[in-house]
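Here is a colleague's note to read with the model open beside you. Take the points one at a time, and find each residue on screen before moving on.

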Amino acid sequence: MKLPPKPKDGKIAYFDHAATTYVDSRVVKAMEPYWEKVFANPSSIYALGREANGAVNDARRKIAEILGTLSDTIFFTSGGTESNNLAIFGLMNKIGMRGKHVVTSAVEHHSVSGVCDYLKKNGAEVTVLPVDSAGRVNPEDVKKNIRKETALVTIMFANNEIGTVQPIAEIGKEILKHRSKNKTVYPFFHSDACQAAGALDLNVEKLHVDLMSVNGGKIYGPKGAGFLYKRRGVEIEPLFHGGGQEQGLRSGTENVPGIVGLAEAFFLIQKDRKKENLRLRGLRDKMWREINKKVLKIRLNGPELGDETVRLPNNLNFSILDIEGEALLLYLDEYGICCSTGSACNSKSLQPSPILTACGLPYEYIHGSLRFSFGKRNSLTDVNRVVKYLPPIADVLRSISPVNLCEEPSKNKHAKWLKKV
Ligand SMILES: *Cc1c(COP(=O)(O)O)cnc(C)c1O
């Protein structure tokens with residue numbers, strides 16, 4: 001078997017929007033005045049400073065309106081990681097770690113699970129809820145695990161690897177019921193909405209969240225910019241102490257161009273999300289249909305390919321048995337295709353994806369997993385490129401290199417995992 005000849009057009013079919021997006025040119029344009037012209041410190045009280053401050057507050061209003069809330073509940077940060085740390089760590093620092101309890105899920109982003117690990121080391125108790133094979137948390141499990149000491153429930157809105165959309169509103173309702181029944185303000189409810197912000201309705205009243213994280217780098221806005229929504233009355237400690245910006249919750253001179261770009265990006269993507277969700281689903285479903293037809297021993301990971309209430313419309317994750325995900329990824333790169341893998345060989349980590357592991361997927365499937373995350377610039381041409389090159393490359397890889405698995409494959413169980421969908 002031979003590899004197909006490489007395309008010579010120099011084009012790239014980028015399918016890694018869940019890692020980060022390009023910045024929309026309209027966002028670049030909105031940010032432009034705030035580098036060289038309106039560069040003043042928003043805390044300065046002369047006209048140029050007031051203008052910069054005005055831009056920050058306009059951005060705050062714009063975001064608050066989309067969330068269906070008031071401007072003073074929006075706190076600008078350096079991105080998703082900081083927003084998650086500020087929410088979780090900030091709350092636990094306020095009320096004390098020792099003896100307090102946090103409920104989270106087994107499929108959180110590292111910037112949540114890492115904080116929870118830290119809390120555990122420092123005296124808090126953490127319950128990590130399991131998920132079903134599609135990566136979904138059961139709201140009943142949340143309800144059952146809330147107790148008197150529970151200070152926080154933190155569950156992501158949509159998953160970055162397999163696109164699972166969690167029943168956030170339902171979980172929120174369970175938490176509200178618990179609070180009113182027990183006449184307490186706890187637990188607070190935090191959700192990491194970094195992956196959801198481009199596709200889903202983020203109205204905080206409908207979701208019943210108290211804290212919510214969003215970043216710019218996943219929604220065609222600038223990286224290194226994000227915000228935390230914090231409901232009035234929810235008290236948390238700052239991570240940074242200093243000049244007292246952002247109502248004292250986030251000291252440091254505001255990233256004015258970043259904030260302006262973040263708000264513009266959020267506005268633009270939310271405005272078009274319903275139409276774009278449909279378009280992305282069309283492309284995603286087509287890619288899966290074609291690849292599923294052409295590649296042997298392949299399975300879809302995560303929820304069924306439904307609408308955005310079930311799975312992010314831009315997420316496709318599948319596993320190919322007897323193939324090393326990272327090898328396939330690197331070959332695809334040679335053919336101008338960018339995607340990602342949950343394989344243990346994933347360049348920066350030695351652990352196979354904890355998300356796929358939590359879904360119960362056996363090791364050898366995680367090893368052969370690939371994620372394609374679609375975005376605004378993807379077209380049928382990009383999909384066709386993957387459909388043309390991925391199947392023959394997979395065949396060649398399978399024929400030349402028996403995969404060297406670090407663990408024994410689960411024998412004779414493949415029928416279950418390779419059921420055609
Ligand atoms: C990317 C991402 C983050 C981290 O955001 P940064 O802006 O890179 O710090 C957190 N949570 C989820 C779900 C993400 O996808």
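1. Let's begin at the ligand: one of its oxygen atoms is 2.7 Å from an N or O atom in the side chain of Lys-218. Such a pair is a polar contact, meaning N or O atoms within 3.5 Å; within protein, one must be able to donate a hydrogen and the other to accept it, and residues adjacent in sequence count only if both atoms are side-chain atoms. How much of the ligand does the protein bury? Alone, the ligand exposes 380 Å², and the protein buries 82% of that; the areas come from the Shrake-Rupley method with a 1.4 Å probe, and for residues only the protein chains shown count as cover.

2. Before going on, please note that this is a predicted model, in which local features need pLDDT of at least 70, side-chain atom pairs count only at pLDDT 80 or more, and totals for chains, interfaces and linings use all residues. Residues are numbered from 1 along each chain as its sequence is written, and side-chain values use heavy atoms, with hydrogens and water left out.

3. Back to the ligand. An oxygen atom of the ligand is 2.7 Å from a side-chain N or O atom of Gln-195, and for Asn-215 the corresponding distance from a ligand oxygen is 2.8 Å. There are 13 residues around the ligand, and Thr-81, Asp-192, Gln-195, Asn-215 and Lys-218 come nearest (a residue is near if one of its heavy atoms lies within 4 Å).

4. What classes of residue make up the shell around the ligand? It has two nonpolar, nine polar and two charged residues. Here Ala, Val, Leu, Ile, Met, Phe, Trp, Tyr, Cys and Pro count as nonpolar, Asp, Glu, Lys and Arg as charged, and the others, Gly among them, as polar. Helix α4 (residues 80-95) gives the largest share of the shell, three residues; helices (H or I, at least four residues) and strands (E, at least two) are DSSP runs numbered from the N terminus.

5. Now for the cores. The largest nonpolar core has 67 residues, and Leu-67, Leu-202 and Phe-227 have the most contacts inside it. Helix α9 (residues 256-271) gives the most to this core, with nine residues. A nonpolar core is a set of buried Ala, Val, Leu, Ile, Met, Phe, Trp, Tyr and Cys residues joined through side-chain atoms within 4.5 Å. Buried means under 20% relative accessible area, exposed over 50%, and partly exposed in between (1.4 Å probe, protein chains only).

6. Leu-268 lies in helix α9. Is Leu-268 buried or exposed? Leu-268 counts as buried because its relative accessibility is 6%. Leaving aside neighbours within four places in sequence, Leu-268 is in contact with Asp-24, Arg-26 and Val-27, where contact means heavy atoms within 4.5 Å.

7. Take a look at Tyr-14 in strand β1 (residues 13-14). Tyr-14 counts as partly exposed because its relative accessibility is 27%. Its side chain reaches the backbone oxygen of Thr-20 at 2.6 Å. Tyr-14 and Ser-373 are 359 residues apart in sequence, yet 8.5 Å apart in space, C-alpha to C-alpha.

8. Finally, Asn-315 sits in strand β10 (residues 315-320). With a relative accessible area of 2%, Asn-315 is buried. Its side chain makes a polar contact with the side chain of Arg-311, at 2.7 Å.
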